[in-house]
Amino acid sequence: MYEFLKEENIDDGILDDIRSFSESHPVSPGIKSRIPHPRYPYYGKEIWEEAITALLCGENLLLVGSKATGKNVLAENLAMVFSRPLWSVSFHINMDAASLIGTDTFEGGTVKFRPGPIYQCSRYGGFGVLDEINMAKNEALAVMHSVLDFRHIIDVPGYGRMEADSATRFIVTMNYGYAGTRELNEALASRFVVIQMPPISCENLQKLLHREFPTLKEKGVQQFSALFLDLRKKCENAEISSKALDLRGLLAAVRMMHFGLDVGRALDMGLTNKVFDSYERGLVRDVISSRVPAHLKRNRLFSD
Amino acid sequence: MKMHIQSYNGEQRRACNQIWTAAGVYDFDPQFMAFDMDGAPDLYMNCIVGLAHKWYGEEMLKTLFSKWTGDGRQAMFDDLAWLSLENALYERELPVRPVLEELRFLHAKEFFAQEYRLSRQEWMSKNQLVYTLQAARWQRVLGKPPLVQSVRAKNLDAALALSGTLNGPDLSAAILRVFHDYFHFNGTPWVRQPFKLHFSEKWVPFLTKVMPIEIQRTDNLSVRTLRETQQDGRASPAGALHAKLHLQEEEQTDREYIEDCFGRSLYSPKELNMMEQQLCTDNHSGCHLWFTDGVPTKGGCHSRESEHLAQQAAMQARRNRDIYEKNLEINRSAIIRLAGQIRNCMLIQQQPEEIQARSGRLDVGRVWREPLLGDSCVFLYRDVEEHPGFSVDLMLDASASRLHCQETVAAQGYILAESLRLCGIAVQVTSFCSLRGYTVLRVLKPYSLKHANREIFRYFAAGWNRDGLALRAAGELMKGGPKKKHLLLLLTDANPNDSHRIPPGNKYPFGRDYGGEQGVQDTAAEVHALCRRDIRAAAVFMGENSSVPAAKDIFGKDLVRIRRIDQLAAAAGRLICTEIMELSDD
């Protein structure tokens, strides 16, 4: 991963700091399996530098960005770079304090505390990735205030207080204005430093395609990245929903093309069919048709 | 290639999207769209239109095509200009969009495939020269030998194959040069003057009988009720007697007219009278109310005029339904999106319920059950169910100012009501207008009939709009609502206007017109009165820029402005989401 960061022109000083952080906070062997190995790297020098610096300074991160900006990819990449075990929580509207900190349960006739992901993460000095935090009610999140600020503690009523490991960091993601989301209150927002995640640039998208599919011809790389940007523009202008704006779906489609599936069918499976409204599906199909011929064969796309 | 269209149906919207995709920008309404013989959008030519915007800009296209607007040969010039633009844009875009090669090939194949589907009339309507030049172009694209052409056509064909290296102004100049060389077009449209005859008034009765005529509907359906009043507002004894006789006769006629046009009253005469006494006060003194569900009265129409209006209403309902069906796909899509948006908003605002479970938060009051009864359900689990705690009233302005967009208002009303039904929210849709001093509230879809949304297609527009009284009366209608909390959504142009004047008072001894500032003040007061009764009123505003301050005065922040009527449902959806959040905080 350090090699990748070097390729991204991240400052050597920063890389040294990451190394010394990891060395001074060893991970218990039992939870080493929680250190992630992300499928995709995150591209974007400025964002990398901002995020690493914030984490080294002991701050928690709030990554704000729309769909397909790589919020979770970056969070996982950071955990890997810092060699930290990762606890990931996907927030939903019914999330409450108990599901974060822990719940009571019966074991052998007695009530026992079953620790939740935030408790575990704080105990072992991990990175907690809290996905779509603004889906949850602010009241449910209030329980996290003490672990997120300078106090670094979790107080569980009836079970005592636990001091969080000094390596603990929380990286939360949110998609502002996404359907079904609410405003983050100031008390919570003040406990994070915020990074506005830019949409993936054409250049970075091409880098990603090159890395994932080294045999994909240059023309293919250009057209698939342009296709994704066309879809994004259509989505930004509210002509289609964000369902078809799916970078993972695009990569999966190209992977299927590499295996020999027709371009049209692969893109249908990876992008178009994720839209269940037939009219919108027509619009998505038009965007695809104006970029990539449906019956293009594998040998015209890949050099191997 | 079709010229600019103001509001889009499903296929037109799709064509626009093809153009916007190729252009890479979405901030313009395309001047041209391309469709094939079956009316489906032509992807390749729409791409070309979009690319023209991308490479040469909207201004260049507008200026170029405006050169021959109005010319007798405009259609031919349009087609030839696009033929030359096609070549230039294809050459220019191909290196960055290789798919164009295949799209162009398919377009050429389709051009010749369509030949067999053309009727004789369609063949005759084609310009022979344009067709020859198009055929030559597409023949070349398919790699087939050239068709036999005249020397002039061959030269013109070559001249129209403009290079992709030309910039906008050079391309414009080249096209104009070709038109000059081959058609003597000097840059000024040659307009053929239409043949006109003017007849004096004495010929009018005869000519309107023997010649076809066009009837223009106006909003002047309201008849003022004459009242002789003294300066203090009381009628003079002599005048009062005359007025009373006159009034009773006229009121009976008006009532029958209203009943014939809009349908029977929902209330008995006694109930209606009591409601009028209660509601038709202050600024609305002397006005009447009519609540109806549109069901015609037994015994049929009383006058030819009302019979004609009833027929027109039935025709309009058919038109509303037909237009909706025509754009079924795009309308269904709008319903799905809107329902999703509202459902999502409800989901995050709903309150969880705590139920007994085997894990969760310990319920100390039940913990004894585990050791004594072996019942491990001693925890509380938070569960959430959908219980929308409010109902929605959609009021559609049905005054004559909506005459031009009745079908769209009906379709948008249906989309909104159907989306709310899918979310389990009770909705009532009412249209309102004023005629002959009656403010008519026509309940198109009541709360009680959950699956009667198609009744909204009975919407039609006529007369004036006395918004203040309509809102006051809407408050009465909502009393029968299934929920305690109400949200009233009003489609308005914030321009209340009624032929029935505000009666004389101390300050205004001669009364005032119901319109302008008085109308706005009165409507604003009624909105505030509704708020005091725990009814939240919000508006979707579609009107002139000059009415924006009035709309803000009336509805404050509970206002969304739309520019096109087809944005109504989406705007109402946004308002509903905001109101859902605020209602749940109450």
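**Exercise 1. In which loop of chain B does B:Ala494 lie? Then describe its phi and its surroundings.**

Some background for this predicted model: local features need pLDDT of at least 70, side-chain atom pairs count only at pLDDT 80 or more, and totals for chains, interfaces and linings use all residues. Residues are numbered from 1 along each chain as its sequence is written, while chains are lettered from A and ligands numbered from 1 in the order in which they are written.

*Step 1.* Find the loop between strand S10 (485–492) and strand S11 (498–502) of chain B; B:Ala494 lies there. Strands (E, at least two residues) and helices (H or I, at least four) are DSSP runs, numbered from the N terminus.

*Step 2.* Look at the backbone: phi of B:Ala494 is near 50°, a positive value in a residue other than glycine. Most residues other than glycine have a negative phi.

*Step 3.* B:Ala494 has 28 C-beta neighbours inside 10 Å, so this residue counts as buried. A residue is buried if 20 or more other C-beta atoms lie within 10 Å of its own, exposed if 12 or fewer, and partly exposed in between, with C-beta atoms placed from the backbone.

**Exercise 2. Trace the open sheet of five strands in chain A.**

*Step 1.* Read the strand order, S2-S5-S8-S1-S9 of chain A, with parallel pairing. Two strands pair if DSSP finds at least two bridges between them.

*Step 2.* Go to the edges, strand S2 (86–90) and strand S9 (193–196) of chain A, each of which pairs on one side only.

*Step 3.* Zoom in on S2(A): five bridges join S2(A) to strand S5 (residues 127–131) of chain A. A:Leu86 has A:Phe127 in S5(A) as its bridge partner.

**Exercise 3. Describe how H2(B) and H4(B) pack.**

*Step 1.* The two axes come within 8 Å and cross at roughly 125°. Axes are lines fitted to C-alpha atoms, for helices over the stretch in contact, and angles run from 0 to 180 degrees between N-to-C directions.

*Step 2.* That angle makes H2(B) oblique to H4(B): under 35 degrees counts as roughly parallel, over 145 as roughly antiparallel, 65 to 115 as roughly perpendicular and the rest as oblique.

*Step 3.* Pick out the residues in contact (C-beta atoms, placed from the backbone, within 7 Å). H2(B) brings B:Leu43, B:Tyr44, B:Met45 and B:Cys47, and H4(B) brings B:Leu103, B:Arg104, B:Leu106 and B:His107.

**Exercise 4. Which element gives the most to the side of chain B that touches chain A?**

*Step 1.* Start with the totals: 34 residues of chain B are in contact with 33 residues of chain A.

*Step 2.* Elements giving two or more residues to this side of chain B include helix H1 (10–23), helix H2 (43–66) and helix H13 (328–349) of chain B.

*Step 3.* H13(B) gives the most, with 10 residues.

**Exercise 5. Locate the largest nonpolar core.**

*Step 1.* A nonpolar core is a set of buried Ala, Val, Leu, Ile, Met, Phe, Trp, Tyr and Cys residues joined through C-beta atoms within 7 Å.

*Step 2.* Of the 121 residues in the largest core, A:Ala51, A:Leu78, A:Ile171 and B:Ile48 touch the most other members. H2(B) gives the most to this core, with 11 residues.

Methods. Two residues are in contact if their C-beta atoms, placed from the backbone, lie within 7 Å.
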